[in-house]
Amino acid sequence: MVLQIILLSLLVLFAVMAILLRDLIKSAISLALASLCLGIIFFRMNAPYAGVFEISVVAGLITVLFILTIALTRSEGEVRESKAALIIFPLVFIAFLVVDILVMKSLLHRVPALPATPEAAGLKFGEVLWKQRTFDLVGQVLVILAGVFAVLALFRKRNKDE
Amino acid sequence: MSSTWILYMAFAAVLLGVGVYCLLAMRNLIKLFIGIEVVSKGVSLVLLATVCAKGNILLAQSLVITFIVVEVCLVATALAIIINITRHTKSLDVRKLTKLRG
């Protein structure tokens, strides 16, 4: 439990660093570290498949995409963030934290316990992923296709006569 | 089992808050997108935490995997849009995208 709280705090810390750091490469890397923490949390929550996807896809692939974009847009110069936003952040963060703790504390005994739905014995992850869910997987495939076509359309070369 | 998921919800709410603050306050397009990523981390934590309370971990995992796939498509498309915007406006500043303002 203590380790879980430490991991969750690290996750929040890296997320805050990703937002506050001025260097974009450093913030992309701290975002990857946050994903790594989230993946380890998933492993400790007994969800290894989600953890593997989180670490390999989100911490790996998305970081590569971010760094590629930063490298491609680096020549455009830095954007000056407003100083007020960075100064106000700690105040907003602490206020939000206090409200969050109060709300969750008040929710703790009011939310009725959810009825547990025990899983059928011997059911495997693959069966749940492929057999219990059917049509939304088609949607998932379509989302990937739409993403591929969107990127292709965005990088389309102009015709010579345009 | 009883109160653990409240802990996850509390941390996920912090992630959501930090991400929304980034979306409201920052000006760099890539920073804004990092904010969206932080929000999506909070959402996947909530997805796994709530279903953990019911004990149905396999369904939660498949939902999280679906969410991650959608997230990757979102990232690829949005980063392509950001590259195109920077080629047009020669800047990563979101305030320069005011051409559509009436």
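1. A crossing of two helices is called right-handed if the near helix is turned clockwise from the far one by less than a right angle, and left-handed if the turn is anticlockwise. By that convention, the crossing of α4(A) and α1(B) is right-handed. The model is a predicted one, and the points below should be read with that in mind.

2. Of the 162 residues in chain A, 21% are buried. Among contacts in chain A with a separation of 6 or more, 47% join residues 24 or more positions apart.

3. On domains: chain A is divided into domain 1, covering 1-75 + 83-93, and domain 2, covering 124-156. The C-alpha centres of domain 1 and domain 2 of chain A are 25 Å apart.

4. On the pairing within chain A: helix α2 (residues 24-44) and helix α3 (residues 48-72) have axes that come within 8 Å and cross at roughly 175 degrees. An angle over 145 degrees counts as roughly antiparallel, and α2(A) and α3(A) are therefore roughly antiparallel to each other. Residues of α2(A) in this contact include A:L24, A:L31, A:L38 and A:F42, while those of α3(A) include A:P48, A:I55, A:F66 and A:I70. By class, the contact of α2(A) with α3(A) has 17 nonpolar, four polar and one charged residues.

5. On the contact between chains: 62 residues of chain A are in contact with 58 residues of chain B. On the chain B side, α1 (4-25), α2 (29-54) and α3 (57-89) each supply at least two residues. Which of these helices gives the most to that side? It is α3(B), with 24 residues. The side of chain B that touches chain A divides into 38 nonpolar, 14 polar and six charged residues.

6. On one helix pair across that contact: α4 (residues 83-107) of chain A packs against α1(B) at an angle of about 150 degrees, and the axes are 10 Å apart. This makes α4(A) roughly antiparallel to α1(B). On the chain A side the residues include A:F89, A:V92, A:F96 and A:I101; on the chain B side they include B:I6, B:M9, B:V14 and B:Y21. The contact of α4(A) with α1(B) has 15 nonpolar, one polar and one charged residues.

7. Two residues deserve a look here. A:N46, in the loop between α2 and α3 of chain A, has a positive phi near 70 degrees. A:N46 is exposed, because it has 12 other C-beta atoms within 10 Å. B:K90, in the segment after α3 of chain B, has a positive phi of about 60 degrees and is not a glycine. B:K90 also counts as exposed, with 12 C-beta neighbours inside 10 Å.

8. On A:E78: this residue is found in the loop between α3 and α4 of chain A. Is A:E78 buried, exposed or partly exposed? With 13 C-beta neighbours inside 10 Å, A:E78 counts as partly exposed. A:E78 is 56 residues from A:R22 in sequence, and their C-alpha atoms are 9.4 Å apart.

Methods:
Residues are numbered from 1 along each chain as its sequence is written. Chains are lettered from A and ligands numbered from 1 in the order in which they are written. This is a predicted model: local features need pLDDT of at least 70, side-chain atom pairs count only at pLDDT 80 or more; totals for chains, interfaces and linings use all residues. A residue is buried if 20 or more other C-beta atoms lie within 10 Å of its own, exposed if 12 or fewer, and partly exposed in between; C-beta atoms are placed from the backbone. Two residues are in contact if their C-beta atoms, placed from the backbone, lie within 7 Å. Helices (H or I, at least four residues) and strands (E, at least two) are DSSP runs, numbered from the N terminus. Ala, Val, Leu, Ile, Met, Phe, Trp, Tyr, Cys and Pro count as nonpolar, Asp, Glu, Lys and Arg as charged, and the others, Gly among them, as polar. Axes are lines fitted to C-alpha atoms, for helices over the stretch in contact, and angles run from 0 to 180 degrees between N-to-C directions. Angles under 35 degrees count as roughly parallel, over 145 as roughly antiparallel, 65 to 115 as roughly perpendicular and the rest as oblique. Domain bounds come from an automatic or database domain assignment.
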